[in-house]
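Please look over the protein model shown here and read the report that follows beside it.

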Amino acid sequence: MLYLSPPEDLSSLLVGEPSYRAKQLERWLYRTPVLDTSEMTNLSTALRERLQPNLWPFRVVLTETADDGATRKLLFKTPRETSIESVIMGYPRRTTLCLSSQAGCAMGCTFCATGQFGFERQLEPGEIIAQVAYASAILRKEPLPDSPSRITNVVFMGMGEPLANYRRVREALRRMIDIMKIPARAITVSTVGIVPGIRKLADEPWPVNLAISLHATTDELRSSIVPINERYPLHDLIAEARNYFERKGRRVTIEWALISGENDQEEEAVRLAVIAQRMRAHINVIPLNPTPLTAQSAPSAATIQKFMSTLQRQGANATLRNIRGASINAACGQLRLHAEGDSGRLRTGTATVTAIPRKGKA
Ligand code: SAH
Ligand code: SF4
C-alpha cells in the first residue's frame, strides 16, 4: 500500500526500477496527488498498472454535497471495513479539509456521535495522510465553487481524538508539513484536552494551531459532558494551553458547543471569558448539532445571542459559527451514522442501542 509506507521507503516498493522513480512517485502521491495511477504520466504503463491496486488504502463509499456545493463529505472504507470520514469545506480564499485521526473515539463526550460509537481503532499515518491526498486529487478534478482547487488548510476535527493517537498523528503531520508542503500554520489540531499530548505537541518544531474543546468552565459540569476531564482537570488544561500559546506564539482557539440548559447560562459565559483571557484564546461558539442518541439540543436563537453578547461585554474575542454540512450529517462523526442508517449500532457507556434516524434530516 503506497500511502501506508513512509515516503522514504517507496524505493523498496519499486524493485527493478531506476532509483529516480521513487522521487517521481513521491511527487504523484504527495505533491500533485492523482485519483488513478494512469495519470502518473512519467511512469511506464506496466508500472502504473502494477501500482494501481496499491494506491489507496481505502475505497470511497459515499460522497455528498451540501451548503450549495461548498461542503463535500467523503466516507471511506478500508479493506477490513473500518469507516473513515472527511469533510471538504470551501470558503472564498481557502479550502479546508476536516479529517479523522481515529476510527471512533474512546472519550465518550455525551453530545458527540463519534463518542457514542465508542473506539474502534487507531488510524495509521498513511490512512490520515491519504485523506488529504484523496481530497486534493478530487478537488483538482471537481473543485468546490469559488474556492481554491487544492487543500489550503487542514483541521483534525473529524472522527477521533488526535492526541490519543499521538505517534501516528505526529508522523502524518510530518508528511503533511515536510513533504506535502502544507504550512504548519494552516493546520489545526483539535483536542478534548489530553494534557500530556498538548505538551508533546508544544515540543514539536511546527507552529500548528491548537483548538481546545472546552464546553464547560467548572470541573463538575465539564466532567459530566466531557468525561476525560476527570483525568485532566481544567486547572491543568488551562495551564497547558497557555504554555502552548507562549511556546508557539499562536493564539489558541476554545471550541464551545452550546447545549441548551447545560452550558448556555450567563454565568458560564462570564467564566468562559475569564478562562479565554487566561489562555489568550479566541472562542468559537458552535450551537450543538443534535445527535439521535441524546435529548441534548441547541439553545434558542435568543439564548445564543445573549450568550454571545455576554462574552462580548466581558471583552472576550468570540465568534459564532455554523456547523457546515449539518443537513448531510457531515458534522463530527455524523457522516458514518447517516451512512449506516438504522442498522448502525451505537454504544453509550456499556449499553448498546440501535441508532434512530433523525426525523426531517438526510
Ligand atoms: N476529538 C477532538 C477532535 C474531533 S471533534 C475534539 O474533541 O476536539 C471536533 C469538534 O467537534 C470538537 O470541538 C467537538 O467538541 C465538536 N463536536 C462534536 N460533536 C458535536 C456536535 N454534535 N455539535 C457540535 N459540535 C460537536
Ligand atoms: Fe471524541 Fe472529540 Fe467526539 Fe469527544 S468530541 S467523543 S473527544 S471526537
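Which residues does Lys181 touch, not counting residues up to four places away in sequence? In this predicted model, they are Arg31 and Met176, where contact means heavy atoms within 4.5 Å. Lys181 sits in the loop between helix 5 (166-179) and strand 8 (187-191); helices (H or I, at least four residues) and strands (E, at least two) are DSSP runs, numbered from the N terminus. Although Lys181 and Tyr30 are 151 residues apart along the chain, their C-alpha atoms are separated by 8.7 Å.

Residues are numbered from 1 along each chain as its sequence is written, and chains are lettered from A and ligands numbered from 1 in the order in which they are written. Because the model is predicted, local features need pLDDT of at least 70 and side-chain atom pairs count only at pLDDT 80 or more, while totals for chains, interfaces and linings use all residues, and side-chain values use heavy atoms, with hydrogens and water left out.

The pLDDT, which is the predictor's confidence in each residue, from 0 to 100, has a mean of 90 for the protein chain, and 90% of the residues reach 70 or more. Over residues 338-362 the pLDDT is below 50, and this stretch has 46 contacts in the model beyond near neighbours in sequence. Where pLDDT is low, the predicted coordinates should not be read in detail.

Helix 1 (21-31) is mostly covered, since 8 of its 11 residues are buried, that is, under 20% relative accessible area, with exposed meaning over 50% and partly exposed in between (1.4 Å probe, protein chains only). Among the buried residues of helix 1 are Trp28, Leu29 and Tyr30, and what covers the buried residues includes helix 2 (45-51), helix 4 (125-141) and helix 5.

The structure holds 8 aromatic pairs; rings of Phe, Tyr and Trp (its six-membered ring) pair if their centres lie within 6.5 Å, and planes under 30 degrees apart count as stacked, over 60 as edge-to-face and the rest as tilted.

Tyr3 lies in the segment before helix 1 and Tyr30 in helix 1, so their pair ties together parts that are 27 residues apart in sequence. Both Tyr3 and Tyr30 are buried, and both Trp56 and Phe58 are buried.

Val208, in the loop between helix 6 (195-203) and strand 9 (209-213), counts as buried because its relative accessibility is 0%. Its contacts, not counting residues up to four places away in sequence, include Leu173, Ile177, Tyr244 and Arg250. Val208 and Arg185 are 23 residues apart in sequence, and 5.1 Å apart in space, C-alpha to C-alpha.

Asp146 has a phi near 55°, a positive value in a residue other than glycine, and lies in the loop between helix 4 and strand 7 (153-156). Asp146 is exposed, with a relative accessible area of 72%. Arg280 also has a positive phi near 55°, but Arg280 counts as partly exposed, at 32% relative accessibility, in the loop between helix 9 (266-279) and strand 11 (282-287).
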